[in-house]
Amino acid sequence: MIDWPLVSVIIFLPLIGALIILFIKEDELTSINIKWAALLATLGTFILSLILWLQFDYSNPSYQYEEKFRWFDDFNFFYHVGVDGISLFMILLSTFLTPLCILASWNNIKKRVKEYMLSFLFLETVMIGMFASIDILLFYIFFEAVLIPMYLIIGIWGGNRRIYASFKFFLYTLLGSVLMLIAIIVMYRNTSSMSIEFLQGNYFSYNTQLFLWLAFFASFAVKIPMWPFHTWLPDAHVEAPTAGSVILAGVLLKMGGYGFIRFSLGMLPEATEFFIPLIMTLSIVAIVYTSLVALAQTDIKKLIAYSSVAHMGIVTIGIFLVNQQGLEGAMMQMISHGLVSAALFLCVGVIYDRMHTREIEFYGGLVQRMPLYATVFMIFMLGSVGLPGTSGFIGEFLVIVGAFKFSSYVVIGAAFGIILSAVYMLYLYKRIIFGTITNNKLADILDINTREKIILIPLAISVILLGIFPNLFLDPMRLSLELIITNYEIANAK
Amino acid sequence: MLNNIYNIFFIPEIFLACSSFVCLLFGLFLKKNAFRQTSNLAVFVLLLTILLVYYGSESNFANYKSLFSHSSFINFFKILALLGSIASIIISKDYFLGIKLKNFEIPVLFLFSTLGMMLMIASNNLMSMYLAIELQSLSLYVAAAIKRDSISSAESGVKYFILGALSSGILLYGFSLIYGFTGSMNFNDISFYLSKYDNLNLGLIFGLVFVMVGLAFKVSAVPFHMWTPDVYEGAPNSITGFFAIVPKIAAVALIYRFCLVPFENFYLEWSQIILFLSIASMFLGAIAAIAQSNIKRLLAYSSIGHIGYILIALVASNDDGIKAASIYMFSYMLMNVAIFAILLSLKVKNEYLINISDLKGLSKSNPIVSLSISIIMLSMAGIPPFIGFFGKFYVFIAAIEQELYVLSVLGVLASVISAFYYLRIIKIMYFDESKSEGIINFQISFQSKIILSLSLFVIICFIFYPSLLINISASLTI
């Protein structure tokens with residue numbers, strides 16, 4: 001094992017990069033240095049996080065690489081970080097996507113490059129920190145600190161309605177998370193502990209659990225987002241710059257799912273049992289309703305945003321099935337969605353950079369001019385639909401297998417949603433890519449350049465890799481998920 | 001104990017009183033630069049007073065027939081008030097010179113008012129409490145109206161005076177009722193007398209309510225807050241800074257001591273009042289601030305909101321509550337010092353900044369300043385990882401310890417509403433495109449810069465070493 005604080009280094013390396021960037025003077029010539037510094041810091045973080053994966057002990061269900069320091073003298077609040085099978089891939093997802101985001105904004109962010117890179121590096125630190133924390137308050141601090149850079153990213157570099165979108169994003173999420181703060185304090189009062197590890201043992205009376213569950217639900221349901229709390233998402237996605245949408249869809253939505261697994265399932269099992277019908281209903285409504293809404297969209301980004309809500313519906317179904325297939329499926333679906341939706345937003349970014357519009361009607365026949373683009377777009381589109389051989393299939397398949405154990409109505413709902421997802425994605429693809437070029441402005445459009453290849457090809461490879469070798473990802477997380485399921489079943493068997 | 005003069009904890013106050021007169025004479029006889037020199041001397045005097053308070057005796061010796069009391073809580077708040085006073089004198093020096101308001105009386109008034117505050121915090125007797133409040137208030141009435149040729153300053157002074165006098169009258173009436181029904185003015189004697197009874201009689205309840213109204217006026221809790229926005233707006237910016245930073249500290253300490261010492265056994269009676277004041281202040285502070293275009297009015301409503309949170313900790317009425325209040329007050333002071341240090345150095349077209357919309361484009365012309373303002377605003381909104389979050393966090397811990405779940409949920413909801421107007425300031429600086437750049441001028445003196453950097457440093461870095469402050473505040477006893 002590694003005897004130096006690997007997790008802390010991974011958490012704070014981007015922040016150190018940010019501090020260095022703070023002292024680079026920004027002007028026309030040096031903005032390239034800022035970009036390189038940001039890229040190097042994020043790449044370094046990614047490489048270090050790979051070590052995390054390589055050295056990971058698959059046979060250990062609990063936390064590894066633990067670091068623990070007393071932080072507050074007066075109560076049991078520790079700087080306590082570590083990685084288990086659940087958080088490992090969330091961290092990898094964050095560290096993988098951030099360098100791609102930096103690359104994606106290489107040319108199209110022209111104003112305030114320095115602040116932009118600072119926001120992204122700070123964002124990466126808090127994202128990783130959130131997934132790695134084993135102390136609830138630490139988790140909360142990171143969870144809420146995410147709002148600051150994201151607010152700035154949407155608000156400064158976003159589209160026309162960016163101010164509305166950024167406020168909506170911030171206030172919506174804040175409203176959810178402050179209730180979580182109250183829940184955290186109540187938990188601490190009852191147990192005198194803030195350790196996530198310790199609290200996963202059913203310590204609360206049934207009634208307390210119900211209230212705590214609702215408070216956590218308020219926070220995670222907004223974050224993931226579940227219907228009807230999703231309305232901030234289309235606005236935020238559409239107005240955010242490409243890289244902002246990528247991080248938002250790729251990582252920030254996963255915070256909700258991660259929270260459900262860790263807190264609702266892990267700490268409040270009896271309340272979870274009580275609320276499962278609610279979650280299932282909301283998820284099925286989300287899948288069907290948002291898929292239909294997606295079908296009617298005229299803006300590409302908005303369409304993908306609504307498809308995210310639908311995919312997250314599959315995730316919440318999987319999580320609250322609370323069986324092995326369901327949870328593994330939910331995790332796979334989260335990772336897959338993190339890659340696929342990020343890639344789709346990047347693809348939209350590619351044509352947006354060239355044509356400065358996201359209207360579906362504007363495009364058509366891109367395959368004539370951009371064959372390579374059409375190919376990678378197809379891979380991601382199929383990944384989103386869930387074609388066998390791509391990452392999307394594994395997640396959806398496992399969730400449906402798990403759902404059969406629960407109720408066939410849920411299966412019907414989820415399967416209907418998957419069919420609808422094929423409808424809107426294929427329809428989108430047809431309208432943008434196929435056919436002949438009807439719009440004269442598209443006549444001179446160029447295929448993806450080297451920088452865009454560097455961004456999109458690793459994503460395409462990982463989408464296919466995930467589809468063909470799912471065990472590469474399922475093995476490390478299996479035991480950690482089993483632990484949660486066992487705790488859950490013991491608590492509910494009483 | 002009397003034979004050892006250093007053991008008399010009253011030394012700092014006596015020293016401050018004498019030194020204030022020395023400052024007055026010093027300013028009077030100085031021909032040139034009277035204002036600047038007197039300010040420097042005042043800062044020096046206050047620093048010495050802090051040392052005297054800090055190294056003061058730990059003995060529980062109550063002097064002057066128990067007119068005043070002595071405890072770690074009192075010392076903490078005294079030092080806080082002194083620090084706030086020093087900071088506000090330093091940051092306002094250049095502003096006064098800039099608007100050509102060079103009366104050397106200003107720092108002297110601040111000194112007298114600080115003396116009043118120290119006595120307020122320490123008072124253990126209804127009479128001494130009233131006199132201390134008056135000493136504090138009278139200096140501030142004059143300070144609010146110090147810019148004699150300005151209508152708004154005079155108006156704010158008169159408003160403050162009339163409403164202040166009214167509240168003092170109510171306070172005094174409440175005192176007389178309490179004295180009439182208990183036969184004593186001393187806090188401990190009142191407490192002892194009341195401990196024989198299970199509930200308060202009607203006269204005492206009236207007395208308690210009257211005193212609460214008077215104190216609510218001093219901390220500017222809703223519905224007795226009406227003076228705050230007007231006085232903040234009318235007074236010169238630097239005086240507003242002093243109002244926002246220092247008197248609040250003393251008034252909060254006073255309301256804590258009044259509730260927790262003489263009436264400690266009648267929690268139910270006063271906590272209802274405080275509960276209402278707290279909820280009303282949080283929500284009115286949050287909602288009314290949204291519509292403000294004047295930064296001083298906005299900060300007035302923001303301070304009303306903060307008072308609401310501090311009162312939550314008072315309703316909690318446990319050791320955690322005292323801890324929470326002291327941490328919250330500390331963070332409140334730091335954030336206000338920092339924001340006023342910036343406001344007093346920002347000029348738009350050679351006028352000191354007043355309209356929030358004038359901050360437009362600041363992030364382009366002064367990236368560091370706008371970053372600092374953003375950090376202060378986020379901290380005030382209670383967003384981690386800044387110190388403001390921990391203030392609120394401890395308040396909610398105290399509230400939940402007392403099972404005040406509804407109050408805590410209302411508190412966090414109000415904090416979401418208030419986040420809106422703090423974010424609006426960031427939005428104006430960063431998101432709005434400004435057409436005319438370079439009209440904002442940021443000039444700050446070296447001393448203010450030190451104060452600003454220090455307070456920003458603590459706001460940002462508190463999270464890395466919280467134990468220092470928390471251990472101190474955990475050991476406080478009322």
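This report walks through some features of a predicted model, chain by chain and then across the chains.

## Before we start

Residues count from 1 along each chain as its sequence is written, while chains are lettered from A and ligands numbered from 1 in the order in which they are written. Because the model is predicted, local features need pLDDT of at least 70 and side-chain atom pairs count only at pLDDT 80 or more, but totals for chains, interfaces and linings use all residues.

## Chain B as a whole

Of its 478 residues, 60% count as buried. Here, buried means that 20 or more other C-beta atoms, placed from the backbone, lie within 10 Å of a residue's own; exposed means 12 or fewer, and partly exposed is in between.

## A hairpin in chain A

Over in chain A, strands S1 (residues 64-72) and S2 (residues 77-83) pair in the antiparallel sense, over six bridges. To count as a pair, two strands need at least two bridges found by DSSP. Four residues sit between S1(A) and S2(A) in this hairpin, and A:Arg70 stands opposite A:Phe78 in S2(A).

## Met194 in its loop

A:Met194 lies in the loop between H7 and helix H8 (196-199) of chain A. Is this residue buried or exposed? A:Met194 is buried, because 26 other C-beta atoms lie within 10 Å.

Leaving out residues up to four places away in sequence, A:Met194 touches A:Asn76, A:Phe77, A:Asp135, A:Ile136, A:Leu137 and A:Tyr188. Touching, or being in contact, means that the C-beta atoms, placed from the backbone, lie within 7 Å. A:Tyr164 is another story: A:Met194 and A:Tyr164 are 30 residues apart in sequence and 36 Å apart in space, C-alpha to C-alpha.

## Where A meets B

Now for the meeting of the chains: 26 residues of chain A are in contact with 24 residues of chain B. On the chain A side, S1, helix H5 (136-145), helix H6 (147-157) and helix H7 (162-191) each supply at least two residues. Which of these elements gives the most? H7(A) does, with 14 residues.

By class, this side of chain A has 20 nonpolar residues (Ala, Val, Leu, Ile, Met, Phe, Trp, Tyr, Cys and Pro), one polar residue (the others, Gly among them) and five charged residues (Asp, Glu, Lys and Arg).

How values were computed. Contact = placed C-beta atoms within 7 Å.
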